[in-house]
Amino acid sequence: MADDMIFSTDKAILSNLDRLSREHSAVSEQRLLELYGVAFPMTDSTLDLFDSGLGVIEALAMLSETLVLGEYPLSEYNTPENRSIISKANKVLRNIDKAYLVDIYLKILADRGHKITEADFLPNVSMPETFTYVRNSLSDEAYDVFYQEFSDPKVCYSKSFKECAKAVSSGDATYCLLPLEEKGGVRLPTVSEIIFRNDFKINSVTPVFGPDGTADMKYALVSRYFNVPKRGRDDDGYLEIRIGADSDFVLSEVISAAEYFGMSPYRVNTVTFDTEGESETYFSLVVKDLGNSFAGFLTYLALFIRDFVPVGIYKNLE
C-alpha cells in the first residue's frame, strides 16, 4: 500500500489542537476561580448549619435546595450546524463544574476544621456480633470468611431467607448471610428483593466455591446498618448505590462523577421492584475506589442526585 493512502492527522491541526487545549485550560482555571466564589459562602452556610445541630447529610440536603450554577448558554457566534454538538459538550461542562465545586468545597471545609468522611454518610453502629443464615456447605464456607473480621461472633441458623430477614429486622440477629450472585455474576432476584424491602445494607461480599470448587457464587453479609470496612494500602473498596432510572443522563452523570473522584464503575445493572402496586425501575451501580475515599463522590451525590440510596460498602471482591 502506498504511503499516501494511509491516513494521518495534519501536523498543523495537531499544533492547533494543542494550542486550543492550553487556552481551554486557562479558561478552566477562570471557571475554577468563579466556583471558589460559590464554595466559600457554601462553606460558611455549612458551618452555620453544623452549629445549629444539623449533620452532614441534612446540611447538604438544605444546600442542594438553593445551589444553582447557571444555564450554561451557547455563544451567539456558534454556527447553526455545530450548535447541537456544542450543546452536548456544555452538558458535560456543567457536570465537570459540579465536580470542581465539590472538590474545592471539601478542601475549604477541611481547612476550616470539618473534614467530611465516608462515615458521615455511612455511619457505623456498634451492634452485637450475632449472625444467622440458612445452613449448607456454601453458606458455611462464607461464614468461615466473614466471622474472621469479628472478635466474638455468635451464630444461629434459620430455616429460610425470609426467616433470616425477619431475625435481622427484629433485632434478634445483627447480620444474616444471603447468597447474592450466581455463577456468572447474576444477582439473585429474591435476595435483591429482600435487601430492597427491608432497606438492608451490604456489609461484606465474598466468593464461595463449594466442596468441589465449581460453585463460584458470591455471598453477602447483610445488616440494617453500615459497617464501613477498614481498608489497608492494598485493599480495594466498593460502594454500591441505587438511583432512579428515570433518565439515562443521570446514570452517565453519576459514572462521570465517580471517575472524576478516582473511582471506576465495577458493575451496572437495572433492577425492578413493585412498590404500592406499581413497578419501579432503578439503576444499581457498584464503583471501585482505586485507593481513594468515597467522601467526595458521596458529597456530589448528596448535592446533585436527589434520589440516590447507599446500599452497601465492602472490600476485596477480586
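## A tour from helix packing to aromatic pairs

Helices H1 and H2 are oblique to each other, a class for angles that are not under 35 degrees (roughly parallel), over 145 (roughly antiparallel) or 65 to 115 (roughly perpendicular). This is a predicted model, in which local features need pLDDT of at least 70 and side-chain atom pairs count only at pLDDT 80 or more, while totals for chains, interfaces and linings use all residues. Residues are numbered from 1 along each chain as its sequence is written, and side-chain values use heavy atoms, with hydrogens and water left out.

**Stop 1: H1 against H2**

Select residues 11-51 for H1 and 56-66 for H2. Helices (H or I, at least four residues) and strands (E, at least two) are DSSP runs, numbered from the N terminus. The H1 and H2 axes lie 10 Å apart, at an angle of about 135°. Axes are lines fitted to C-alpha atoms, for helices over the stretch in contact, and angles run from 0 to 180 degrees between N-to-C directions.

Now show the side chains. From H1, pick Met-42, Ser-45, Thr-46, Leu-49 and Phe-50; from H2, pick Val-56, Ala-59, Met-62 and Leu-63. These residues meet, where contact means heavy atoms within 4.5 Å. By class, the H1 contact with H2 has seven nonpolar, two polar and no charged residues. Ala, Val, Leu, Ile, Met, Phe, Trp, Tyr, Cys and Pro count as nonpolar, Asp, Glu, Lys and Arg as charged, and the others, Gly among them, as polar.

**Stop 2: two positive phi values**

Most residues other than glycine have a negative phi. Go to Tyr-72, in the loop between H2 and helix H3 (80-111). Tyr-72 is not a glycine, yet its phi is positive, about 55°. Is Tyr-72 buried or exposed? Tyr-72 is buried, at 14% relative accessibility; buried means under 20% relative accessible area, exposed over 50%, partly exposed in between (1.4 Å probe, protein chains only).

Jump to Asp-199, in the loop between helix H7 (189-197) and strand S4 (201-208). Asp-199 also has a positive phi of about 55°. Asp-199 is partly exposed, at 42%.

**Stop 3: aromatic pairs**

The structure holds 16 aromatic pairs. Rings of Phe, Tyr and Trp (its six-membered ring) pair if their centres lie within 6.5 Å; planes under 30 degrees apart count as stacked, over 60 as edge-to-face and the rest as tilted.

Select Phe-131 and Tyr-143. Their ring centres are 5.6 Å apart and their planes at 75°, so the pair is edge-to-face. Phe-131 is in strand S1 (residues 130-133) and Tyr-143 in helix H5 (residues 137-146), 12 residues apart. Phe-131 is buried at 1%, and Tyr-143 is buried at 10%.

Next, select Tyr-238 and Tyr-314. This pair is stacked, at 6.2 Å centre to centre and 15° between the planes. Tyr-238 sits in strand S6 (residues 237-244) and Tyr-314 in strand S9 (residues 309-315), 76 residues apart. Tyr-238 is buried at 0%; Tyr-314 is buried at 1%.

**Stop 4: Glu-253**

Finish in helix H8 (residues 248-260) with Glu-253. Glu-253 is buried, with a relative accessible area of 10%. What does Glu-253 touch, not counting residues up to four places away in sequence? Its contacts are Asn-95, Lys-98, Tyr-300, Phe-304 and Ile-305.
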